[in-house]
Amino acid sequence: PLAGRTVLVTGVSRRVGIGHAIACRAADYGASIVAHHYRPHDASQPWGADDIEAVMASIRTHLVGPARLIDIPADLAAPGEPARVVEQAAASAGHLDALVCNQAMSSPDGSLSEMTEAVLDAHWAVDARASILLAQAFAAQEGFASPAPSGSAVLMTSGQGLGPLPGEIAYAAAKAAIAGVTLTISEELIDAGITVNTVNPGPVDTGYVTEADREATAVMFPQGRWGEPDDAARLITWLLTDEARWITGQVI
């Protein structure tokens, strides 16, 4: 269903991550993939960084026919980098048909009493500002002008609207901004034929969940288990296909 199209997915740096699962499933659907990654973030986290070459090799096994894989490293918090990534991706692939803003900053974060300007600004830059600027650059490409849907973008939020996120003030604030701006961005881009939706993937085990946490909370979720990266990827990738062409402005 995505044959002949090119999808830019950000935050594709770990084989246990949602970004890798999205890239693999979009490749299974026939798309060429532009995979953005920023390994230094993962290296600073308790779970550590993956081997980027191994991540890309894994995605390549899913490519169909003439589809290609292009990878672009970038710190999306740096000024000008979201636009540069989109421009480089479009120049390398010829054109981008879909965008998935999967990048996220995990820590440092903290409670209200611990919060600082620097931490708030850092999360805003990665979790909210970068996605808005990626969408801007994506829509600025030539070719988005037909009345029929010709492109799609999926942004990512979290569960801050469904329950508290203790100790994650900065992350919750930035992700809430993405959920809050979805309808407005979708309204601005629909005349260009671009659908825009935001996904809260729910609790997904991407390598950080302890066995104790899993046992204590699994019963709360469908089928009595945490989500797997491909559970989120199935919905997100479907939103990029023509099957979802009449869906826009939604937070799912």
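Predicted model: local features only at pLDDT ≥ 70, side-chain atom pairs only at ≥ 80, totals over all residues.
**Helix pairs**

Two packed helices are described by the angle between their axes and the distance between the axes.

| Helix pair | Angle between axes | Distance between axes |
|---|---|---|
| H5 (residues 117-139) and H6 (residues 169-189) | about 20° | 8 Å |
| H1 (residues 18-28) and H8 (residues 229-238) | about 50° | 8 Å |
| H4 (residues 81-93) and H5 | roughly 40° | within 8 Å |

Helices H5 and H6 pack at an angle of about 20°, and because angles under 35 degrees count as roughly parallel, H5 and H6 are described as roughly parallel to each other. The crossing in which H5 passes H6 is right-handed. On the H5 side the contact includes Val119, Leu120, His123 and Trp124, and these belong to a group that meets residues of H6, among them Ile169, Ala170, Tyr171 and Ala174. Sorted by class, this contact of H5 with H6 has 14 nonpolar, two polar and two charged residues.

Helix H5 also takes part in a second pairing, with H4, where the axes cross at roughly 40°, which makes H4 oblique to H5. Here too the crossing is described as right-handed, with H4 passing H5. From H4, the residues Pro82, Ala83 and Val86 meet Ala130, Leu133, Leu134, Ala137 and Phe138 of H5. The contact of H4 with H5 is made up of eight nonpolar residues, with no polar and no charged ones.

The pairing of H1 with H8 has an angle of about 50°, and H1 and H8 are therefore oblique to each other. H1 passes H8 in a right-handed crossing. In H1 the residues Ile18, Ala21, Ile22, Arg25 and Ala26 take part, and they meet a set in H8 that includes Pro229, Asp230, Arg234 and Thr237. By class, the contact of H1 with H8 divides into eight nonpolar, one polar and three charged residues.

**A pocket**

Rolling a probe the size of a water molecule over the atoms shows where empty space is left. In this model, the second largest pocket holds about 160 Å³ of space. Its lining consists of 16 residues, and those that lie nearest the centre of the pocket are Arg5, Gly151, Ser152, Leu240 and Asp242. When the lining of the second largest pocket is sorted by class, there are seven nonpolar, five polar and four charged residues.

**Two points in the backbone**

Most residues other than glycine have a negative phi, and most peptide bonds are trans. Against that background, two places along the chain can be looked up in the structure. A cis peptide bond, with omega of about 10°, joins serine 107 and proline 108, and proline 108 sits in the loop between strand E4 (98-100) and H5. Glutamine 223, a residue other than glycine, has a positive phi near 65°, and its place is in the loop between helix H7 (211-217) and H8.

Notes
Residues numbered from 1 in each chain as written. Heavy atoms only, no water. 1 Å grid on protein atoms, 1.4 Å probe; cavity = no way out; pocket = protein on both sides within 12 Å on 5 of 7 lines; lining within 4 Å. Points joined across faces, edges and corners; volume = space filled by probe spheres on them. Nonpolar A, V, L, I, M, F, W, Y, C, P; charged D, E, K, R; others polar. Axes fitted to C-alpha atoms, helices over the stretch in contact; angles between N-to-C directions. Helix = DSSP H or I, 4+ residues; strand = E, 2+ residues; numbered from the N terminus. Parallel < 35°, antiparallel > 145°, perpendicular 65-115°, else oblique. Left-handed = near helix turned anticlockwise from the far one by under 90°. Contact = heavy atoms within 4.5 Å.
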